[in-house]
Amino acid sequence: MEITPDTSNYMIAGFAVTFITMGIYIVSLYLRSRNLKQDIETLESMQNEKPKSTK
Amino acid sequence: MDKNKIQKDELIPRAKRSSLSSRPSLLKATFAIVQKDLAAEFRSFELVSAMLVFSLLVIIIFNFALELDIKVRQSVTAGVLWTTFAFAGTLGLNRSMSTEKDRGCMDGLLLAPVDRSAIYFGKAISNLAFMLIVETIVLPVYSVLYNVNLFRLDLIGIILLGSIGYVAVGTLLSAMSVQTRTREVLLPILLFPVAIPVLLAAVKASNGLLTGADFAEVLIPLNILIVYDVVFIAVAFMVFDFVVEE
Amino acid sequence: MQTKPIALKILDVVSIILLAISTYLALFFAPMELVMGQVQRVFYFHIGTAWVGLLGFVIAALTGIVYLITKDMKWDRFGVAAVEVSTVFFFLTIVLGSIWARPAWNTWWTWDPRLTTAAVTELIYVAYFMLRQGIDDPEKRARFGAVYTLLGGVSAPITFMVIRLFRTIHPVIVGAANANQEKMSMTGDMKIAFFFALFAFTIIFIDLIWHRVRLGGLEDKVEQLKLKVSM
């Protein structure tokens, strides 16, 4: 059998890509849910103001 | 939409198979729609002429892009033809469905007391007719330009099967894409990944025929074409209701 | 909005632990593969992500059918979650496969049936999101999304079958590639790392889908509130 090639760099790249991508996805989930929660708060306060002014 | 429409929609029972007596039969309704489309098209030739000119332009571009000399020609003819048909097909599918939508014909069709699947089959058959018209003109032109004989019954059969599969999915997806904000842009993006099997199988089968391969080699892609056609006509038939419902 | 359920918190912690263990097994526990060297260690994650990517695709098609029958928005949220998480994992599968292929087959990419089907599937996922983005009405968006996942679910296996035919045309590249892959025999420790990765990624997948479904719930709530406020 020939000598095993040194492919450690590729391996490190592979694991790095995995963790970075998953990390980015989790951060995006977190950010989106935070923004949506803020939206809900704003919208709810708008809704509470509205009945007084219009009807 | 307006009240009238909603009421009429409710009058149409959800189970459509039991509707043979009171309403025109599926076959009659389908052909009424096909007749309408063809009549409209034969008055102006808007759609077919656009598809045709486009196809010829694509073939000319391919000629220079691929340097279609005699050696290359043999192996790429099938690919060039199917790429052309696919592009021209999306053009036609888009146009055919967006005229329905823009002129409000779709709402009219949906109001008509016919089976919804008649609308699907009607549109699919007229789209297929447009595609076949274009193909019957492109094939001889290609034959003349590149001195390849494409007039073979087996090849025409493959082209028919491939076009059926492509149009079956394309009609369904174009009914979806015209209802979105991005409309025309969206159809190829939706259609191509789903239509890859039918295009590849058609290319493979046509290529086998043109290079004179064993019949056994053509048989497998041919079977896949048939399977694809049957499966996707069935699926499209089942889900078309969900695509046009308001 | 309701607070995070306790089960989800537990699942989060379990997912992280499983990922850590799986990483350990892949990096240190499994023996080095002698033909390809260290890079073979990405194989465990490659298979793990591919498995959940496919699982998500099947789930999306099934939830699509259920949605069309029941018209219950929760199935749509479930379907979107499955597709979105699968998109991420499938992207990883393709990238990892590419990284692995480079030293092993000396090319970043071959038009092997598996690779090509993976790429086409990823494109179907992307088209799915573009379709949804173009529709304002949530009910219609869910309906069209369901129809499209169904079409994609039917088309992907046929794509795989067709591309496998093309192998007969290019026996050298793809045939060699496949032989290389099938020749890879796994020792006992490798099998442990392999099955553990499958298990770990399944749990992580469920965890992420759960989060995404909750996010979908928030999205729906915002849309409803916007409608109420604007009226």
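In this predicted model, 25 residues of chain C are in contact with 24 residues of chain B; two residues are in contact if their C-beta atoms, placed from the backbone, lie within 7 Å. On the chain C side, the elements that give two or more residues are α4 (113-133) and α5 (138-165) of chain C. Helices are DSSP runs of H or I with at least four residues, strands are runs of E with at least two, and both are numbered from the N terminus.

**The side of chain C that touches chain B**
- Helix α5(C) provides the largest share of this side, with 15 residues.
- By class, this side consists of 20 nonpolar, 4 polar and 1 charged residues.
- In this classification Ala, Val, Leu, Ile, Met, Phe, Trp, Tyr, Cys and Pro count as nonpolar, Asp, Glu, Lys and Arg as charged, and the others, Gly among them, as polar.

**Conventions of the model**
- Residues are numbered from 1 along each chain as its sequence is written, while chains are lettered from A and ligands numbered from 1 in the order in which they are written.
- Because the model is predicted, local features need pLDDT of at least 70 and side-chain atom pairs count only at pLDDT 80 or more, whereas totals for chains, interfaces and linings use all residues.

- Chain A has 1 helix and 0 strands.
- Of its 55 residues, 15% count as buried; a residue is buried if 20 or more other C-beta atoms lie within 10 Å of its own, exposed if 12 or fewer, and partly exposed in between, with C-beta atoms placed from the backbone.
- Contacts with chain C involve 27 residues of chain A and 29 residues of chain C.
- The chain A side of this contact has 13 nonpolar, 8 polar and 6 charged residues.

**Chain B as a whole**
- Chain B contains 9 helices and 0 strands.
- The C-alpha trace of chain B spans about 65 × 35 × 30 Å along its principal axes.
- Buried residues make up 43% of the 246 residues of chain B.
- Among contacts in chain B with a separation of 6 or more, 83% are between residues 24 or more positions apart.

**A loop residue in chain B**
- N149(B) is in the loop between α6 (116-146) and α7 (153-177) of chain B.
- N149(B) counts as exposed because it has 8 C-beta neighbours inside 10 Å.
- The C-alpha atoms of N149(B) and L139(B) are separated by 9.0 Å, and these residues are 10 residues apart along the chain.

**Chain C as a whole**
- Chain C has 7 helices and 0 strands.
- Of the 231 residues of chain C, 44% count as buried.
- For contacts in chain C between residues at least 6 apart in sequence, 79% join residues at least 24 apart.

**Helix packing in chain C**
- Helix α1 (residues 6-29) of chain C packs against α7(C) at an angle of about 155°, with the axes 9 Å apart; axes are lines fitted to C-alpha atoms, for helices over the stretch in contact, and angles run from 0 to 180 degrees between N-to-C directions.
- Helices α1(C) and α7(C) are therefore roughly antiparallel, given that angles under 35 degrees count as roughly parallel, over 145 as roughly antiparallel, 65 to 115 as roughly perpendicular and the rest as oblique.
- The crossing of α1(C) and α7(C) is left-handed; a crossing is left-handed if the near helix is turned anticlockwise from the far one by less than a right angle, and right-handed if clockwise.
- The residues of the contact of α1(C) with α7(C) comprise 18 nonpolar, 2 polar and 3 charged.
- Helix α3 (residues 73-105) of chain C meets α7 (residues 188-230) of chain C at an angle of about 130°, with axes 8 Å apart, and the two are therefore oblique to each other.
- The crossing of α3(C) and α7(C) is right-handed, and the residues of their contact divide into 10 nonpolar, 2 polar and 4 charged.
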